[in-house]
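Hi,

Here is the model I promised to pass on. Have a look at it, and my notes follow below.

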Amino acid sequence: MKRILSGVQPSGRAHLGNYLGAIRQHIEMAEKYEAYLFIADLHALTTVKDPEQMKKQTYDLAVSYLALGLDPKKTVFFKQSDLSEHAELCWILDCIVKMPFLERAHAWKDAQAKGKKEATVGLFNYPILQAADILLYQPDLVPVGQDQKQHIEMTRDIATTFNNTFGKTFKIPEPSIKKEVAVVPGTDGQKMSKSYGNTIEIFADDATLKKQVMGIVTSSVPLEDPKDPKSCNVFQIYKLLATPEATKDLENKYIKGGFGYGDAKKALLAKILDHFDKAREKYQELYPKQDYVYGIIEEGNKKAKEQAGKTLEEVKKKIGYK
Ligand code: ADP
Ligand code: TRP
């Protein structure tokens, strides 16, 4: 059976971009692949520096995945910081990766553009930790959104360098990116991202969710005039959740005119509430059950450690530590 692995940072609440671009695939693919999925809290330390926030967001992400349908019997669901193997392999890979290779990473270049003095060593090293996360589990596929493509390509290069230096050790993984949802737009039209403050959060309370949807940036075409659905953020998000028929229906309303952006936003809000109705209910039900949620992660940690430990042993033998 082929294996998948992916991770999501607990750097904020799960949003529509995370769900459509990644989480949905993670849950669906677990039906036919052996699945490893983890909360990337070591990576989140590059941005989250408040312990309460780290704890809360980690728990929130775990509950979100379970509410969205992750089945712990079909997925090894674990927490990165509970397994020392990730940081250990990261150091080993640090010693085979050259500086200019890392300097090409988009995230590092963006950080540099914002001010070199603020960027941490952890942020620079971020792609190597991600390579370690992936290679420890020898997956065939890594399902992610488009923004992660470069990280997977870097992982492939790092694995190849290691294999060429010490002998074949790592499987070379492929990214798995769904084209239609590769980049979900946010409320301002840029890529939806926790770091841009333009998200629509799946488990926000009703009032917050409404505020986020009503805050989507639209053009100033008056209510009575025809509108272009293709250039409208509301429509672009709507079509990712709606059936082709419902999408066509909304498209016709845009083209006909007499249909305002406020109406379109109401239609989108209703669609979101309908689509996530069960998940939002499940979230409320699971949230107070801390022992159950942490229990699942404890179980996942144990299974993940078996696989990660096995790969790390092999790596240590290849290097000459054993
Ligand atoms: P964020 O950018 O909000 O911090 P993460 O980096 O935690 O999101 O991403 C978690 C997963 O969700 C990754 O696989 C990422 O590619 C995917 N993802 C995040 N935002 C989007 C988006 N707007 N469209 C598609 N996929 C996304
Ligand atoms: N960098 C990823 C993101 O921001 C999260 C991540 C960490 C990840 N390790 C990973 C994704 C390993 C896939 C595989 O979304």
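Below are notes on the domains and then on the ligand.

This is a predicted model, in which local features need pLDDT of at least 70 and side-chain atom pairs count only at pLDDT 80 or more, while totals for chains, interfaces and linings use all residues. Residues are numbered from 1 along each chain as its sequence is written, and side-chain values use heavy atoms, with hydrogens and water left out.

The domain assignment gives domain 1 (3–184 + 290–319) and domain 2 (204–275); such bounds come from an automatic or database assignment. Their C-alpha centres are 34 Å apart. Eight residues from domain 1 and six residues from domain 2 make the contact (heavy atoms within 4.5 Å). Together the two domains bury about 500 Å², with 77% of it on carbon and sulfur atoms; this is the accessible area (1.4 Å probe) lost on putting the two parts together, summed over both. Zero salt bridges turn up across this interface (a side-chain nitrogen of Lys or Arg within 4 Å of a carboxyl oxygen of Asp or Glu).

Now to ligand 1, which 19 residues surround (a heavy atom within 4 Å). The closest are His15, Gly145, Asp147, Val184 and Lys194. A polar side-chain atom of His15 sits 2.7 Å from a ligand 1 oxygen atom. For Asn18, the distance from a side-chain N or O atom to an oxygen atom of ligand 1 is 3.2 Å, and Lys191 likewise has a side-chain N or O atom 3.2 Å from an oxygen atom of ligand 1. The protein covers 95% of the 540 Å² of accessible area that ligand 1 has on its own (Shrake-Rupley method, 1.4 Å probe).

Best wishes

Terms used: Chains lettered and ligands numbered in written order. Polar contact = N/O pair within 3.5 Å; in protein donor to acceptor, adjacent residues only side chain to side chain.
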